[in-house]
Amino acid sequence: MGAEPGASGSNDGRFRTVTLLRAAAVVLVAALLGLLIWDLVGTSSGASFAARIEQGKNPPAPEFALPVLWDQRRNWPSALRPRLDDGRVTLAELRGWPVVVNFWASWCIPCREEARAFRAVTERYADRVAFVGVDIQDLKSAARGFLRRHEVNYVSLRDGTDGTYNAYGLTGVPETYFIDRQGRAISHAVGAISRQDLERVVRILVQR
């Protein structure tokens, strides 16, 4: 007895659909694998960067280009203030000046504890050092509330992708990096830093 009319065409259609679905699944798995590898490579690179600082090798700090969350240019070196006009800041734009990069988040309790120390040291070294906060893993509204509440007096940027977090090899917040005029990281503080320690490293940074 022969096949019913149209049965062959129906089978061909189902075969094509299954084949396309399988191909799509392969592409999706490959894409996810690629993202995983990219993330692992970035995390490993960041951990290596942090380790080289601890070894005293003064590695070049990873570049970043991040949107401005909190414009407090009055305490930046006057020559750098125009860099904020486009609403973004890159590390390359700060070359030639000592830079202190503090990673923080509004939900971070130690970040609240060190806010007073940063405020005082920023005031003392205004126009000599570019203090930069980088808000991570946070809501923008909560971050701005934190900045207002703690009267943060230096520029803060926002990393909404974890790209900078991974590049710098962070293990949490707060963490602070001290970068010299040539863009090399000379020191790294994990956890809340005291005013005494912050001022001590900033003084070294200014003298380099």
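Let's start inside: Arg-158 and Asp-135 are both buried. Buried means under 20% relative accessible area, exposed means over 50%, and partly exposed is in between, with a 1.4 Å probe and protein chains only.

A word on the source. This is a predicted model, where local features need pLDDT of at least 70, side-chain atom pairs count only at pLDDT 80 or more, and totals for chains, interfaces and linings use all residues. Residues are numbered from 1 along each chain as its sequence is written, and side-chain values use heavy atoms, with hydrogens and water left out.

Back to our pair. What do Arg-158 and Asp-135 form? They form a salt bridge, with the closest N and O atoms 3.2 Å apart. Arg-158 sits in strand S5, residues 155-159, and Asp-135 in strand S4, residues 130-136, so the pair ties together parts that are 23 residues apart in sequence. Helices (H or I, at least four residues) and strands (E, at least two) are DSSP runs, numbered from the N terminus.

What counts as a salt bridge? A side-chain nitrogen of Lys or Arg must lie within 4 Å of a carboxyl oxygen of Asp or Glu. Side chains of opposite charge can pair when their charged atoms come close. How many salt bridges does a search of the whole structure find? The search finds 10.

Next, Asp-71. This residue forms a salt bridge with Arg-73, and their closest N and O atoms are 2.9 Å apart. Asp-71 is partly exposed, at 38% relative accessibility. Arg-73 is partly exposed too, with a relative accessible area of 25%. Asp-71, Arg-73 and Asp-85 are linked in a network of salt bridges.

Now to a helix. Where do Arg-200 and Asp-197 lie? Both are in helix H5, residues 195-207. They are three residues apart, about one turn of the helix. Arg-200 is partly exposed, with a relative accessible area of 42%. For Asp-197, also partly exposed, the value is 33%.

Last topic: sulfur. A disulfide is a covalent bond between the sulfur atoms of two cysteines. The rule here asks for a pair of cysteine sulfur atoms within 2.5 Å. By this rule, the count comes to one disulfide. Which residues form a disulfide? Cys-108 and Cys-111 do, with their sulfur atoms 2.3 Å apart. Their link is right-handed, with 85 degrees about the S-S bond. Are these cysteines buried or exposed? Cys-108 is buried, and so is Cys-111.
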